[in-house]
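Student: I am new to this structure. Can you show me how to read it, feature by feature?

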Amino acid sequence: MHKLTRIVLAILALALLASCGTLPESRADPHDTLGTSALAGLLSPLQLGNVFFDGETPRVGVRAEGERVRWELRDLRGVRVLEGEQPARHGTLTLRLPRGERGFYRLTVEDLQGGTVLNRAETTLAVLSRHDFSRFGPEDSIFAAQTHFGQFIGGKPEYDPASQSYVGLGQPKNDPELAPLLAYAGVREVRDELPWSTVEPPEGETRGVYAFPESYDRYVAALEAQDIGLYSILNYGNRLYDTDAEGVGAIPYTDEGRAGFAAYALALLERYGDAITGFEVWNEINAGAAPWNRGPCRNQPPLQPEVMRCHAALYRATHEALEAVRPELPVTGPAGVTLPYGYLEAIFREGALDYLDAVTVHPYGYPAAPEFAEQV
């Protein structure tokens, strides 16, 4: 399959994955059912992601307070396929489910004392066929996913200007321990981010000083260990360069700002090298209402030629800088939200297509259904 075709298909696939919530969150995420169960003190995972393979017996750890546990297993349609009870010896047990058939299941467990339910929890599990995807590399697999390893919840690591480095890991939104699950599914490229304002911290008040949180190094290393390429988003403003009226980093609108943005891309390549298999310039830059789109190059209807020229200039500056060092590396964009035909035609008229190796879109239903994209 041609590299560019693969990228377009991959981006369409990952957009749907992200919108549907197909990928599991971190095992420590308190918002998913497994995390809630673990916090409730009843269930604990014994295998990464509760993903099992043909021939394996699905099993889940139970920490009960009562004398016994009652459980049931339902399939994807909600049909109960198994149920049972067993004693809770010493308060802990391994629940082994005699279900080796492939499928996606929901497990419900109740902690019982006499006729009283002390606790109840749910989790999901899957039984998959085991396939060898090792013969596929990032260059010839059509499967990709959005992972959000580069985002943080509860604050990112603290930048120390004196040492020009980050302190602590912060709390990444997703745990790179999930990388093997991506490999199990045949994913050979992920779309994720290493934002400009993190890599070139404005807290240091000095341009051209780059720093990389340890959590970034960890997630890139986890992907490399699974032979998964990083299709990296080059995203968002940096107040060391162009800003909006409030002093917040904006879409680069000066030659100086665009040069800084391109230099940030080169800094990523210098740090992570062949682990990066492609770049996407910005994210949903056509969505004027998005809080990351700021400054005079923010897209507002009707489409303004000077804004389109600004966006095209950003693609050009980035592409030319990267082409000089890694000409085979795809540079793509605009990661347009919906299917923004009018916007795409407008930036193409300004020459953007000469500096994009593939055109990417996010066909969501926000802020309008794709068929109404002309109005976005």
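Student: Is Glu 122 buried, partly exposed or exposed?

Tutor: Keep in mind that this is a predicted model. Glu 122 counts as partly exposed, because its relative accessibility is 25%.

Student: Which residue forms a salt bridge with Glu 122?

Tutor: Side chains of opposite charge can pair when their charged atoms come close. Here the partner is Arg 120, with the closest N and O atoms 3.5 Å apart. Arg 120 is partly exposed too, at 47% relative accessibility. Both belong to a network of salt bridges that includes Glu 67, Arg 68 and Arg 70.

Student: What does the salt bridge of Asp 244 with Arg 294 tie together?

Tutor: The closest N and O atoms of Asp 244 and Arg 294 are 2.9 Å apart. Asp 244 lies in the loop between E13 and H6, and Arg 294 in the loop between E14 and H7, so the pair ties together parts 50 residues apart in sequence. Asp 244 is buried, at 14% relative accessibility. Arg 294 also meets Glu 246 in a salt bridge, at 3.6 Å from N to O. Glu 246 is exposed, with a relative accessible area of 63%.

Student: How do H6 and H7 cross?

Tutor: Two packed helices are described by the angle between their axes and the distance between the axes. The axes of H6 and H7 come within 9 Å and cross at roughly 35 degrees. The crossing is right-handed. Among the contact residues are Phe 261 and Leu 269 of H6, and Ala 313 and Leu 322 of H7. The contact counts 11 nonpolar residues, one polar and one charged.

Methods
Residues are numbered from 1 along each chain as its sequence is written. This is a predicted model: local features need pLDDT of at least 70, side-chain atom pairs count only at pLDDT 80 or more; totals for chains, interfaces and linings use all residues. Side-chain values use heavy atoms; hydrogens and water are left out. Axes are lines fitted to C-alpha atoms, for helices over the stretch in contact, and angles run from 0 to 180 degrees between N-to-C directions. Helices (H or I, at least four residues) and strands (E, at least two) are DSSP runs, numbered from the N terminus. A crossing is left-handed if the near helix is turned anticlockwise from the far one by less than a right angle, and right-handed if clockwise. Contact means heavy atoms within 4.5 Å. Ala, Val, Leu, Ile, Met, Phe, Trp, Tyr, Cys and Pro count as nonpolar, Asp, Glu, Lys and Arg as charged, and the others, Gly among them, as polar. A salt bridge is a side-chain nitrogen of Lys or Arg within 4 Å of a carboxyl oxygen of Asp or Glu. Buried means under 20% relative accessible area, exposed over 50%, partly exposed in between (1.4 Å probe, protein chains only).
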